[in-house]
Amino acid sequence: MENIEDFIINISDLSFSRGDRTIFRDLNMQIPRGKITAIMGPSGTGKTTLLKLIGGQLLPDTGRIEVEGSNIPTLSRSDLFEVRARMGMLFQSGALFTDMSVFENVAFPLRVHTDLPQDMIRDVVLMKLQAVGLRGARHLMPSELSGGMSRRVALARAIVLDPHIVMYDEPFTGQDPIAMGVLVNLIRRLNQALGHTSIIVSHDIQETLGIADYIYLVSGGSVIARGTPAELRADESEQVKQFMHGLPDGPVAFHFPADDYQTELMKGL
Amino acid sequence: MLDRLQALGHIGLEGLSALGRSGSLLAHALIARPQPMLMFPLLLKQIYFVGVLSLVIILVSGTFIGMVLGLQGYTILVSYGSEQAVGQMVALSLVRELGPVVTALLFAGRAGSALTAEIGLMKATEQLSSMEMIGVDPYRRIIAPRFWAGFICLPILAAIFSTVGVWGGALVSIDWLGIYEGSFWANMQHSVDFYDDVLNGLIKAVSFGFVVTWVAVYQGYDCVPTSEGISQATTRTVVYASLWVLGLDFILTALMFGDL
């Protein structure tokens, strides 16, 4: 992890706040090229926000976010759209365009970014749909799909331009065990077959540990641990142990900060 | 006292920042590199949704308002013995005022609220975000065609409203109340001036089209992406757009007819 050439994304001294609330403070993170990197942490630590910062949908207060050498926050709108064509993102809800069929959803990035002839677009879309196992569902509308299926269609759409980076926002949340297994397999297989870099934001420990090559554990606005799945499992620090083993109380408290319980009860209205 | 002053300042700042955001939305959607070839099919689709689908309510309302105008005009004018002028009255009130204003109000309720809800839901379901991440500018793909469609459709709808209104007025006055057909139409022809009345009415309709659609797309794009936020944004679209239309109508009327 020392050779700078191997990092496709390099985040340095990133700070970001919403109103008075600080989300990240001097965050440093490097994403290795061609690997599956997971960003994990408790809910509300801003994992999705981090993906939006990488995609340039939000601007940081300070710090650099370099994606393949371009510093995202300083890019012009049109340059940013060019960089985004090399990124695919799978949103938590799938975010399919509800007025288009499955086929048209997957074909959409091809239609806007390339001048390919119709029959070639058709072939590429069918190949991507085949990869996610939904070639037969191409005529359906998004409202006719199950949650797991829409996420697979969204995945096909995210990889249709053969991006260098694919970002997954909570890909396993709300999926039944079969759909979850399918997604885990797909993410791993696609990463190997297409050779892109995958970034997974998740708090599903088992699934994520199973496929990630490298993990960042984020809490309280900064990285609290990093390493391979084996290294994190063996980590002895209280915070890491609480998260990795799902303990209800610990450094991340069960109780939302409040006045003393007894005093508040005695105080009355 | 200080709290109130602070609250007032807060409201003022909020208002200014909303104005800035809506202005920047307009600038991005309209000025930033238009792509006519890509826009045209999207525009046609939106014209169908906001224009063609609003036709029924415009036709029905126009006819009834014209009929009511004929009836009311007749009952007043007949006491002065000048019921022959009812055609003039119907046409002038429709072309100058009721056509553009009522069409804009109906349009805000029918098409404006639909635009806000649609864009708001796209925001809530992350469709706008995913479009941005695919590298497509939602200002150009989503906002611009909807804006232009509203801007184009409202004047046409207002013209249709006035036309069927005149027919409604004629139906009541001539066929029901028995006013002489020749004087009904001749009075109308003599008194309605193309530049003073028809063109000014058209200018009003164009301005209302601009304002109503702007409010609708801005409220949708800027809404809080929750079900409550979308419902509030939809309500705001109808309320703000209607108030803008009525206020603007007074200003335009004062400018156009104030010195007559």
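# Exercises on a two-chain model

Setting aside residues within four places of it in sequence, Asn105(A) touches Leu96(A), Phe97(A), Met100(A), Pro142(A), Val153(A) and Arg157(A); a contact here means that C-beta atoms, placed from the backbone, lie within 7 Å. This is a predicted model, in which local features need pLDDT of at least 70 and side-chain atom pairs count only at pLDDT 80 or more, while totals for chains, interfaces and linings use all residues. Residues are numbered from 1 along each chain as its sequence is written, and chains are lettered from A and ligands numbered from 1 in the order in which they are written.

## Exercise 1: one residue

Find the helix that holds Asn105(A), and decide whether Asn105(A) is buried or exposed.

*Solution.* Start with the helix: Asn105(A) sits in α3, residues 102-113 of chain A. Helices are DSSP runs of H or I with at least four residues, strands are runs of E with at least two, and both are numbered from the N terminus.

Next, count neighbours. Asn105(A) has 26 C-beta neighbours inside 10 Å, so it counts as buried. The cut-offs are 20 or more other C-beta atoms within 10 Å for buried, 12 or fewer for exposed, and partly exposed in between, with C-beta atoms placed from the backbone.

Finally, look along the sequence: Ala154(A) is 49 residues away from Asn105(A), yet their C-alpha atoms are 8.1 Å apart.

## Exercise 2: the domains of chain A

Now go to the contact, to which domain 1 gives eleven residues and domain 2 gives eight. On the domain 1 side, helix α6 (residues 177-194) of chain A supplies the largest share, five residues. Ala, Val, Leu, Ile, Met, Phe, Trp, Tyr, Cys and Pro count as nonpolar, Asp, Glu, Lys and Arg as charged, and the others, Gly among them, as polar.

## Exercise 3: the four-stranded sheet

Give the strand order of the open four-stranded sheet in chain A, then trace the partners of β1(A).

*Solution.* The order is β2-β1-β4-β5, with antiparallel pairing. Two strands pair if DSSP finds at least two bridges between them. β2 and β5 (70-71) of chain A are the edge strands with a single partner each, so one side of each has no neighbour in the sheet.

Follow β1(A) (residues 7-18) to β2(A) (residues 21-32): eight bridges join them in the antiparallel sense, and Phe16(A) has Phe24(A) as its bridge partner. These two strands form a hairpin with two residues between them, and Gly19(A) in the turn has a positive phi of about 60°.

Then turn to β4(A) (residues 62-67), which pairs with β1(A) in the antiparallel sense over five bridges. Here Ser12(A) stands opposite Arg64(A).

## Exercise 4: the six-stranded sheet

Find the order of the open six-stranded sheet in chain A and how its strands pair.

*Solution.* Reading across gives β6-β7-β8-β3-β9-β10, with mixed pairing. At the edges are β6 (87-90) and β10 (222-227) of chain A, each with a single partner strand, so one side of each lacks a neighbour in the sheet.

For a parallel pair, pick β3 (residues 36-40) and β8 (residues 197-202) of chain A, joined by five bridges. Within this pair, Thr37(A) has Ile199(A) as its bridge partner.

## Exercise 5: the two chains

Describe each chain as a whole, then the place where they touch.

*Solution.* Begin with chain A, which has ten helices and ten strands. Its C-alpha trace spans about 70 × 40 × 40 Å along the principal axes, and 35% of its 269 residues count as buried.

Chain B has nine helices and zero strands. Its C-alpha atoms fill a box of roughly 65 × 55 × 30 Å along the principal axes, and buried residues make up 43% of its 260 residues.

To finish, join the chains: eleven residues of chain B are in contact with 15 residues of chain A. The chain B side has three nonpolar, five polar and three charged residues.

Key:
Two residues are in contact if their C-beta atoms, placed from the backbone, lie within 7 Å.
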